[in-house]
Amino acid sequence: MGGLIISVLLGLVVDVTRGSWSIQPIPQYPAVRGSVTLSLAVINEKVTSVAWFKGTDTNPPNQILTYIPAGPITIAGALHSPRFSAFSNGSLHITDLLLTDQGEYTVKVQAEKTSMNLSVTLTVHEPVTKPKITAPTPQPKENEPVTLTCVTSHAVTITWTRRGTSISSGAKLSGDNKTLTFSSITRGDLGEYQCGAQNLVSKDFSDPYVVSVLYGPSEARIEGEVFVRPGYSFTLTCSADSNPPPEFQWKVNDTDTGAKTSKYGVSNAETEDQGLYTCVVRNPATLRTATAAVYVNVTAEFIPPEYPVFLGPILGLAFAIILAVVLIIIGSVFIYRKFMRKKLNESPDNEPDPIPVYENVKAGQSMEEPSYMGLQFRYEETYTELKA
C-alpha cells in the first residue's frame, strides 16, 4: 500500500499516522450537537496547503475546504458549510455535529518537500435519552410477579437504585439490565426506584418510580373496654394492616349493625348490649377479608380494676422498698440490743441487765420515767444476796 491507514471505530482513540504526520479527533468521543477537531500534526515541515474531503475520494465533489497558511486563505469546497472551518495548523473543526457527519475523512497535505494523504474515521455519539421506568401495573398485588423496565436509547450501561435502601436480593436483572423482575413481590419491596443510563458521552437518570404494593388485610384486631357498667359508654376500635385502607363492617351477636367505620360505640350501655362484637375488614383492591371479635360484658357485679399498665411495677417497687426499710430497722434494733447487753455484762460491778417492766400509768405516779401511749417504762433491779 502507498500509505498506512489506521481507523479505530466506536469511540476508541483515533491516531492516524504516516511518517511524522498524524490525525486525532478532539474530544475523543464527540457527541451530537457538540463539536470536534480533527487535529492535524505535521512535524518538522512547513505546510503550504491542506485540503479536506468527506470520504476517501479526493475529487472536487467531495471537497470540504482548502486551507493555505500563507494567506491565510480558506477556499470553500463543494461540501462546505458554516459548520466547517480550518485552524492555523490545518486542522478541521466541525460544530453542531450531526449523525450524518460521521464517517471517513481524508486530508491531503502539501508540504515543502513532500505530500501526503491521511484518512480517519469519525464516530459521532448520541447522548442517552432520559430513562423512564414502566410496569404492567402501577399497583401490583402482594405475591404477584412484577417486572420494571428502564426505557432509554443509546445507553451502554444501565443501573438500578432504590431510594433509602438496597434492592431486595429476590429481584433479578436481565442480561442488559433493562428489566428488574420480582418473581413474588412483597410489601417489603415497596418504595421509590430509579434507573440510570450512561454511554461514552452522557448519562441521565429516570424520575423516581413509586412501587406501591397492594396487600392485606392482615392482623385484624379490636381495642377497647370489654367490661362495662350499665349506663356507661364504651367504644371499640378496629384496625388491620392493609393497603389501600380497608372497609369495615360491625356485627353484634352475628347481626349486622350497619356501621361502616373503624370505630363502634354505645353511649348508654344496657344489659341487652352485652354480647359478641365482630369486626369484618375488607380490602377493596385485593378483595380479601379478615375478622376480629371480642365479648363485651355489661354488668355491675364485677368490673376489673382499671389500673394503668405501669401501676403494677410501681406498686411492686414501693412494696420492696418498704420491706427493705422494715428489715433495716429490725436489724438495727437487734444489733443495738446485742451491743447494750454485751456492754452491761462487761461492766465492773457485773450487774445484771435491767428488766423493763410495763405498767399502766396511775394518777399521782411520778413521771420521771419516760411514758409512751399510756405505758410507763420502769427499771426494777433484782439483787441476789450472797449467804455467808
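In which sense do strand S4 (residues 47-54) and strand S9 (residues 103-111) pair, and over how many bridges?

**View 1. Strand S4 and its two partners in the predicted model.** Strand S4 and strand S9 run in the antiparallel sense and are joined over 7 bridges. Within this pairing, Lys54 has Tyr105 of S9 as its bridge partner. S4 also pairs in the antiparallel sense with strand S5 (residues 63-68), here over 4 bridges, and in that pairing Trp52 stands opposite Leu65 of S5.

**View 2. The aromatic pair of Phe182 and Tyr193.** The structure holds 4 aromatic pairs. In the pair shown here, the ring centres of Phe182 and Tyr193 are 6.0 Å apart and the planes stand at 85°, so the arrangement is edge-to-face. Because Phe182 belongs to strand S15 (residues 179-182) and Tyr193 to strand S16 (residues 191-198), the pair ties together parts that are 11 residues apart in sequence. Phe182 is buried, with a relative accessible area of 2%, and Tyr193 is likewise buried, at 0% relative accessibility.

**View 3. The aromatic pair of Phe234 and Tyr277.** The rings of Phe234 and Tyr277 have centres 5.8 Å apart and planes at 85°, and the pair is therefore edge-to-face. Since Phe234 lies in strand S21 (residues 234-243) and Tyr277 lies in strand S25 (residues 275-282), this pair ties together parts that are 43 residues apart in sequence. Both Phe234 and Tyr277 are buried.

**View 4. A cluster of aromatic rings.** Phe234 and Tyr277 also belong to a cluster, in which ring pairs link them with Trp250 and Tyr264.

Terms used: Residues are numbered from 1 along each chain as its sequence is written. This is a predicted model: local features need pLDDT of at least 70, side-chain atom pairs count only at pLDDT 80 or more; totals for chains, interfaces and linings use all residues. Side-chain values use heavy atoms; hydrogens and water are left out. Rings of Phe, Tyr and Trp (its six-membered ring) pair if their centres lie within 6.5 Å; planes under 30 degrees apart count as stacked, over 60 as edge-to-face and the rest as tilted. Helices (H or I, at least four residues) and strands (E, at least two) are DSSP runs, numbered from the N terminus. Buried means under 20% relative accessible area, exposed over 50%, partly exposed in between (1.4 Å probe, protein chains only). Two strands pair if DSSP finds at least two bridges between them.
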